[in-house]
Amino acid sequence: MNQPSNDLILGILLTTIMELFSQLFFLIITLVAIGWFAKKLMGIRSTILLGKPFDAYDQPMRRWKNVLLLALGQKKMFRKPLVAFMHLIVYVGFIVINIELLEIIADGILGTHRVFEKPLGAYYPFLINSFEILAVLVLAACIIFLVRRNILKIKRFLSQDLNGWPRSDANYILIVEIILMTLFLTMNATEVNTSFIVSSHLKTYFTSSFSYDQLNLIEHTAWWIHIIGIYAFMNYLPYSKHLHIILAFPNAYYAPLEPKGTMHNMTSIQNEVLYAMQPELAPSNAVAPDSFGAKEATDLTWKNLMDAYSCTECGRCSMACPANATGKLLSPRKIMMSTRDRMESIAKNITQNKQFIPDGKTLLHDYITVEELRACTTCNACVEECPVSISPMDIILELRRSLIMEESNAPSEWNSMFSNIENNFAPWKFSPDDRDAWTKQD
Amino acid sequence: MKVNTMAEMMASGQTPDILFWVGCAGSFDQRAQKITKAFAFILEAAGINYAILGKEEACTGDPARRAGNEFMFQMMAYQNIQTLNGYGIQKIVTTCPHCFNTLKNEYPALGGNYDVIHHTQLLQELIESGKIKITDSNEWAGKTITYHDSCYLGRANGIYEAPRKVLESLSIELKEMKRCKSNGLCCGAGGAQMFKEEEKGDLRINTERANEAIETKANCVASACPFCNTMLTDGINNRTETTNTSVLDIAEIVAQAIQ
């Protein structure tokens with residue numbers, strides 16, 4: 001009698017059902033994770049597009065060059081070479097190890113195991129070995145970053161800008177990366193028939209401590225937690241400073257190409273002055289704009305708003321800021337964080353009420369104070385430093401425009417300066433007739 | 001000193017090769033007038049056919065614009081562009097990085113298109129072409145100079161080399177401050193800060209910068225902006241310990257070297 005027993009048939013059936021179920025489950029979480037993430041990204045996109053128009057579509061070649069140098073090449077990061085090197089490891093690790101993610105997703109959906117192994121042949125161990133080496137380097141870099149942030153007294157990380165959520169956010173990111181790398185190495189180390197460069201060393205520990213079944217269980221658990229962890233992390237991005245890994249690219253592309261000293265022109269005012277001087281040029285249907293400068297975050301351009309969402313709160317801007325370095329209230333990093341906070345509250349308001357219902361707050365005054373704005377020397381140090389092409393200065397200047405032109409809110413010395421320029425054509429009270437007096441001195 | 005104005009030149013049917021935009025500080029501030037005169041002396045010595053606008057020059061509007069007063073900026077720009085275009089000006093040199101930045105980068109959008117250079121760029125050109133000659137035994141030879149980058153020349157317009165090349169041609173030792181070039185620390189005057197009290201803080205920005213300049217132990221701090229010059233001079237004078245370090249514009253240093 002060689003007929004299989006009913007028990008065996010039932011067993012095979014059960015296993016097949018379990019496998020199908022896990023494939024289905026995997027497919028569902030993959031779709032949910034990607035769908036959710038895409039929805040949130042589209043939400044951020046529409047929040048950013050609440051900003052005013054910003055023309056940055058010319059000279060595509062120069063713009064792509066910026067993407068290559070600044071975003072992909074992290075050129076600005078290398079102003080601090082050692083940190084840049086560690087950051088580069090984490091970045092390369094992130095990108096390269098994501099190739100492995102393709103295999104994990106394929107395996108999960110197809111119910112296969114290491115589906116790339118056969119087609120890649122001899123390249124396969126080379127790839128996995130590289131992933132493992134990178135995983136160890138990423139692990140080490142993240143531990144050093146945690147130490148830098150929490151133990152070493154580094155001014156830009158001690159800053160009160162980061163009190164509360166932002167400081168935790170930075171630590172969560174590093175801890176999650178450490179956990180993910182550990183899971184990746186664990187699942188390779190507990191797999192019985194493999195021998196990869198790093199995990200093979202851990203293998204002796206695992207095989208001596210656990211039975212075959214236990215190893216199998218650990219491997220499967222590590223595999224599942226790893227992939228679920230990645231999906232969870234992906235969906236954490238939009239709420240975190242870590243969003244810079246995506247937005248650094250468009251932000252580099254749309255970065256202004258003119259010299260940094262150029263302030264954006266206000267055509268509406270240019271025309272007002274022109275029509276006042278040459279009334280014959282004024283069109284009969286000319287309408288004055290509602291307001292000048294930015295009082296609310298949505299008065300800024302979409303590039304300013306994308307800047308806010310690209311900010312990774314590293315604080316290089318604030319460390320370079322002369323006002324911040326001499327104890328003034330201004331911190332360019334905080335300007336960016338406040339702008340993002342304000343946009344988040346506006347977006348939430350819109351989602352809840354279907355349209356924006358005034359909440360009695362504005363970016364200017366409630367999120368960013370006059371004292372902060374007044375301290376800026378427009379020196380461009382913050383803009384120069386930013387690794388992801390953000391201009392905090394642009395936001396400061398737009399808010400200053402609103403303060404002066406909408407609220408006539410200026411220190412009295414500035415009011416004297418304005419009246420001197422208007423009456424004497426110089427910021428000081430000298431007679432314009434004396435402008436060439438120096439030629440008559442000896 | 002006989003300096004032609006555009007009006008005088010036009011009246012006599014002449015056209016200058018370059019317009020010297022003096023700027024408000026250079027015209028009215030007693031300290032900055034010396035920089036203006038030094039630069040005019042060099043132009044004269046190099047045989048440059050130049051003119052000034054004289055009483056027709058007006059503030060470019062830079063401090064008003066950066067303070068937030070776009071109306072005032074546009075009014076000044078309109079007026080200046082009318083004057084400059086009226087005279088058919090093509091090339092401008094200025095001793096003020098703020099005027100330089102506004103004329104070069106901000107007037108084109110308003111219909112004012114000129115070839116604008118900063119005086120350190122012209123000085124470099126004059127030295128390299130041999131129009132002004134500096135001997136190895138000039139007054140500054142062997143001295144140590146540190147150069148303070150003006151934000152509106154450096155970061156704003158990427159001009160780091162011209163002022164350094166000019167100084168190096170004087171056979172001096174150029175000693176950089178801790179923060180220099182694109183890392184340079186602001187003097188504290190930009191963004192219309194020159195015309196108001198600093199906000200409250202632990203320290204004045206010019207004190208911080210003056211300390212960095214003094215640390216280099218240079219004989220002289222070279223500036224390329226009349227506002228930086230004022231701020232650094234004040235910063236050094238406000239220090240408790242006295243030093244012999246002087247603050248001079250590059251034009252003044254060059255003028256002394258060729259006298």
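Which residues does Thr186(A) touch, not counting residues up to four places away in sequence? The answer is Phe206(A), Ile218(A) and Ala222(A), where contact means heavy atoms within 4.5 Å. Before going further, some ground rules: this is a predicted model, in which local features need pLDDT of at least 70 and side-chain atom pairs count only at pLDDT 80 or more, while totals for chains, interfaces and linings use all residues. Residues are numbered from 1 along each chain as its sequence is written, chains are lettered from A and ligands numbered from 1 in the order in which they are written, and side-chain values use heavy atoms, with hydrogens and water left out.

Back to Thr186(A). You'll find Thr186(A) in helix H7 of chain A, residues 165–189; helices here are DSSP runs (H or I, at least four residues; strands are E, at least two), numbered from the N terminus. Thr186(A) counts as buried because its relative accessible area is 17%, and buried means under 20%, exposed over 50%, and partly exposed in between (1.4 Å probe, protein chains only). Now look at Ser402(A), which sits in helix H19 of chain A, residues 392–407. Ser402(A) is buried too, with a relative accessible area of 1%. Leaving aside neighbours within four places in sequence, Ser402(A) is in contact with Phe292(A), Gly293(A), Ala294(A), Lys295(A), Leu364(A) and Glu407(A).

Next, the charged pairs. Searching the whole structure turns up 34 salt bridges over all chains, a salt bridge being a side-chain nitrogen of Lys or Arg within 4 Å of a carboxyl oxygen of Asp or Glu. One of them joins Glu385(A) and Arg79(A), at 2.9 Å from N to O. This pair links distant parts of the chain, 306 residues apart: Glu385(A) is in helix H18 (residues 381–385) of chain A, and Arg79(A) is in the loop between helix H2 (60–72) and helix H3 (81–110) of chain A. Glu385(A) is buried, at 9% relative accessible area, while Arg79(A) counts as partly exposed, at 28%.

Compare that with Glu398(A) and Arg401(A), whose side chains meet in a salt bridge at 2.8 Å, N to O. These two are separated by about one helical turn, because Glu398(A) and Arg401(A) are three residues apart in helix H19 of chain A. Both are buried. Over in chain B, Glu8(B) and Lys2(B) form a salt bridge at 3.4 Å, N to O. Here Glu8(B) is partly exposed, with a relative accessible area of 36%, and Lys2(B) is exposed, at 57%.

How do the two chains meet? Chain B puts 70 residues into the contact and chain A puts in 62. The size of an interface is often given as the accessible area lost when the parts come together. Between chain B and chain A, the buried area is about 5,700 Å², with carbon and sulfur atoms giving 62%; buried area is the accessible area (1.4 Å probe) that two parts lose on being put together, summed over both. Five salt bridges cross this interface. Among them, Arg401(A) pairs with Glu70(B) at 2.8 Å, N to O. On the chain B side, H5(B) gives the largest share of the residues that touch chain A, with nine. Arg401(A) also belongs to a network of salt bridges that links Glu398(A), Arg401(A), Asp62(B), Arg65(B), Arg66(B), Glu70(B) and Glu106(B).

Finally, zoom in on chain B by itself. The domain assignment gives domain 1 (6–123) and domain 2 (133–258), with bounds that come from an automatic or database domain assignment. The centres of these domains, taken over C-alpha atoms, are 23 Å apart. In chain B, 27 residues of domain 1 are in contact with 27 residues of domain 2. Together the two domains of chain B bury about 2,100 Å² between them, 73% of it on carbon and sulfur atoms. On the domain 1 side, Arg31(B), His98(B) and Thr120(B) lose the most area to domain 2, together 25% of what that side buries. The rule finds one salt bridge across this domain interface. Arg31(B) also forms a salt bridge with Glu252(B), with the closest N and O atoms 2.8 Å apart.
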